[in-house]
Amino acid sequence: MKAKLSILLALTIVAALLIGCGEEKKGRGARSDVQEAALKTYVAPGDMDKYYLFKSGGHSGQVYIYGVPSMRHISTIPVFTPYPATGYGFDKESKEMLGGFTWGDAHHPSISETNGDYDGRWLFISDNANNRMARIDLRDFKTKQILGPIPNVSGNHCSSFSTENTEYILAGSRFSIPLPKGTFEKIEDYATKYKGVVAGIAVDPKSGTMSLGWEILMPPFNYDLGDAGKGPSKDWGFWTCYNSERATGKLEVTSTQKDRDYVAAVNWPAAEKAIKDGKFKMIGGVKVIDPKDVQGIVYLIPAAKSPHGVDVSPDGKYIIASGKLQSITTVFNIEKMLTAIEKKNFTGNEDGIPVLNYDAVKDAEVNVGLGPLHTQFDDKGNAYTSLFVESAVAKWKLGTWEVLDKIPVSYNIGHLTASEGDTKHPTGEFLVALNKLSHGRHLSVGPSQPEASQLIDITGEKMSLLYDAFTEPEPHYAQMIKADKLKPIEVYPKDENKHPKAIWDVKDAKVVRNGKNVEVQMVAVRSSFEPSSFEVNKGDKVTIYLTNIEQTTDELHGFGLNEYNINVVVDPGETKTIEFTADKAGVYPFYCTNFCSALHQEMQGYMLVKGSGGVASRKSPREKNLAIK
Amino acid sequence: MKKYIEKANVFFETPIDFRSRVLVVVGALMLLPTFFFPLWNLTLYSNQFPDGLVIDIYSSKLEGGKTPNRDDLKEINSLNHYIGMRALKEDDFTEFKWIPFVIGGVMLLALRVVVLGRMTKLVDLFVLFTYFGLFSLWSFYHKLYLYGHDLDPTAAVRIPPFTPPIFGHVTMANFEVYSFPDVGSYFMAAMPLFLLAAMWLSRKVHK
């Protein structure tokens with residue numbers, strides 16, 4: 001009955017859409033069979049999506065969670081940028097993790113893997129702006145660690161990509177600089193005195209804690225994207241690079257003179273061993289391998305001009321690099337690569353790094369279309385390559401190299417992500433095109449345009465467009481994982497709360513003064529704060545330990561302190577630390593910002609700050625303006 | 001009348017036979033589950049809690065439903081505080097201290113019946129246990145009455161005093177409350193039936 005109803009409902013929607021759009025089909029970008037698409041994407045109220053889609057939020061610094069196939073935005077995980085909605089970046093713990101930065105450029109998310117398949121434990125994501133790496137725990141969907149700025153890594157773009165068992169997360173420099181950081185060298189000396197770095201961030205297999213594994217000194221190219229091998233290529237990490245011209249200035253021209261750039265291949269167990277054997281130098285306080293001194297770790301494979309994405313096929317046999325300025329994507333064969341290395345079939349070297357013979361390593365040049373960027377896979381031996389210039393996705397066959405299908409997208413696709421499409425076992429159900437431009441596909445919102453994410457069905461011979469969704473800037477890569485692989489908690493069990501200042505009974509709430517330090521142990525529970533008011537003196541350092549003693553899902557409480565620029569949200573069973581100096585005298589209300597109960601409005605209190613001088617100590621620009629008038 | 005008393009005297013002095021003694025043992029064993037299974041269950045359904053908030057009452061403890069995402073007892077107390085109801089706390093129930101003790105005592109008395117093998121002892125056991133069962137029920141009802149009547153006059157939401165249901169279904173504000181005996185009680189109720197059967201089987205056994 002329920003199923004019938006939902007089909008009926010879907011059909012009604014379909015009918016309405018048909019009537020509404022039937023006339024306007026021409027010249028409006030990618031279109032789909034409305035009826036089929038509606039039935040495949042409709043998730044009835046109360047029903048769940050089949051996949052989680054974790055999209056990087058680009059320069060918003062965050063990670064967005066969508067459900068597939070509904071393409072509903074479910075939630076946002078703040079990572080590199082403060083986010084008052086969840087109080088992230090306002091409490092002591094998350095503030096320290098952010099390390100003073102107020103933004104990041106969240107680029108490529110990577111789910112931890114076991115035997116080359118998503119295990120759903122952690123999500124790693126790189127920061128292109130401030131050279132950091134973050135780890136989100138998928139048990140509670142919270143950012144748990146931010147590593148960095150990583151020494152020597154500059155522009156952490158070719159990151160984060162997980163090795164087969166998440167031994168390492170790959171990282172590296174998009175922008176070569178003189179090393180160590182802080183060194184000055186003239187731009188004219190770029191080709192000789194600037195250095196790139198590729199790195200492996202080690203991951204503790206139990207806790208997920210990241211630490212610096214190894215770094216390798218590289219020629220001053222721009223390391224762009226990467227992927228870790230699997231199966232026969234599992235010991236290798238791959239990075240594309242552009243600007244092998246070692247040019248500066250207007251790179252648009254200067255870096256596009258040669259016909260080929262490179263894919264760098266790093267044997268990471270060999271790098272691990274070199275570090276262990278002491279074959280490194282200390283640069284910027286970390287162990288860095290110089291390939292000039294240690295052979296057998298890094299090789300360069302010539303690739304189509306200005307390559308962008310490099311992706312390893314599910315069987316680990318093929319390494320696929322897409323030259324964004326050509327119409328081909330190049331397929332390299334791991335066995336051929338290993339043979340070439342063994343036979344020293346080199347055509348030259350760059351700063352002591354051997355360059356492999358292109359013809360000996362290459363399996364095919366696939367004519368996919370204009371501006372190929374990234375490749376994903378299905379379970380039937382097909383590859384899907386995004387075509388930026390052409391605004392399309394090409395489907396082609398691994399092995400026969402035949403292009404089977406092409407679907408237009410709206411518009412200018414960057415990354416694409418298929419369901420578990422970068423693992424050993426892609427599910428071959430859905431593909432999301434992460435498009436850079438979306439104009440004309442949504443109600444106009446003025447000049448600031450969102451990005452478009454288009455859901456594509458890849459179960460059939462032909463791809464079919466199912467749905468348009470929109471995202472704030474700017475998803476780069478994304479990961480799509482089967483929903484049943486994640487088992488998140490929704491309440492922090494009381495027993496797990498190890499915060500030394502956590503209290504669980506309103507009777508234990510207290511205010512303790514120690515000189516100029518005032519400590520408040522506060523409880524938040526429907527619908528009050530305890531203590532509901534406290535007094536301090538102007539200039540006191542105030543620390544509030546706020547515990548939400550609820551043990552029920554969805555009972556969140558916020559703590560907003562007026563005119564003190566503070567908003568913290570505590571989840572059920574969580575304790576957070578709020579630190580600030582009471583530098584303004586007067587009476588300041590605090591209140592629950594996260595709607596909690598019928599008496600949510602009553603959940604409020606006052607901080608009373610004794611002292612002379614009133615509000616004069618920190619005037620807002622608006623107050624200053626008022627004063628002038 | 002005289003004849004009846006004589007008859008009764010004979011009846012009470014009747015020894016009980018092997019079958020009856022077995023039944024008494026089985027009846028006593030029926031009390032074992034009361035240590036492990038809940039006696040009573042209250043479930044509160046609402047739009048926000050389609051799966052229901054659950055309280056299980058055992059002979060020795062009060063236990064709320066517990067999932068990784070919810071502690072039902074805590075939740076019920078959180079909600080009840082709005083109407084000024086005292087928090088349901090194990091310590092407030094003296095029953096949890098004496099009920100398991102009494103059940104143990106009853107089992108010992110059953111053993112005594114088996115050893116001494118007289119109808120009079122069996123009747124004692126039956127009467128005592130029935131009294132204990134009824135008293136426990138009244139005590140439970142009284143507790144519910146107190147919780148529903150001893151409401152904090154300063155509560156945010158003031159409602160007329162009430163008694164939560166002991167048996168059956170009732171609508172309270174946004175909750176549908178169901179209150180029914182649970183596994184332990186069913187076993188407990190079976191005990192006197194075994195005793196009655198034991199009496200019945202040995203009613204005509206002579207000295």
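How many of the 12 residues of H1(B) are buried? The count is zero, and H1(B) is hardly covered. A residue is taken as buried if 20 or more other C-beta atoms lie within 10 Å of its own, as exposed if 12 or fewer do, and as partly exposed in between, with C-beta atoms placed from the backbone. The model is predicted: local features need pLDDT of at least 70, side-chain atom pairs count only at pLDDT 80 or more, and totals for chains, interfaces and linings use all residues. Residues are numbered from 1 along each chain as its sequence is written, while chains are lettered from A and ligands numbered from 1 in the order in which they are written.

Helix H1 of chain B covers residues 2-13. Helices (H or I, at least four residues) and strands (E, at least two) are DSSP runs, numbered from the N terminus. From first C-alpha to last, H1(B) reaches 17 Å, close to the 16 Å expected at 1.5 Å a residue. The expected span is 1.5 Å times one less than the number of residues.

Chain B also holds an open sheet of five strands, in the order E3-E2-E1-E7-E6, with antiparallel pairing. Two strands pair if DSSP finds at least two bridges between them. Strands E3 (62-64) and E6 (168-172) of chain B are the edge strands, and each pairs on one side only. Neighbouring strands of this sheet are turned by 15° against each other on average, direction ignored. Axes are lines fitted to C-alpha atoms, for helices over the stretch in contact, and angles run from 0 to 180 degrees between N-to-C directions.

E1(B) (residues 40-45) and E2(B) (residues 53-57) are antiparallel and share five bridges. Here Leu42(B) stands opposite Ile55(B). Helix H3 of chain B (residues 72-80) packs on the sheet and touches E1, E2 and E3 of chain B. Its direction makes about 110° with that of E2(B). On the other pairing, E2(B) is joined to E3(B) by three bridges, again antiparallel. Ile55(B) stands opposite Gly64(B) in E3(B). The two strands E2(B) and E3(B) form a hairpin with four residues between them. Four of the five residues of E2(B) are buried, so this strand is largely enclosed by the rest of the structure.

The contact between the chains takes eight residues from chain B and 10 residues from chain A. Residues are in contact if their C-beta atoms, placed from the backbone, lie within 7 Å. On the side of chain B that touches chain A, strand E5 (70-71) and H3 of chain B are the elements that give two or more residues. H3(B) gives the most, with three residues. By class, this side has two nonpolar, two polar and four charged residues. Ala, Val, Leu, Ile, Met, Phe, Trp, Tyr, Cys and Pro count as nonpolar, Asp, Glu, Lys and Arg as charged, and the others, Gly among them, as polar.

In chain A, strands E38 (residues 557-561) and E39 run antiparallel and are joined by five bridges. His557(A) stands opposite Val570(A) in E39(A). Four residues lie between the strands of this hairpin, where Glu563(A) takes a positive phi near 60°. E39(A) (residues 566-570) is largely enclosed by the rest of the structure, because four of its five residues are buried.

Conventions. Two residues are in contact if their C-beta atoms, placed from the backbone, lie within 7 Å.
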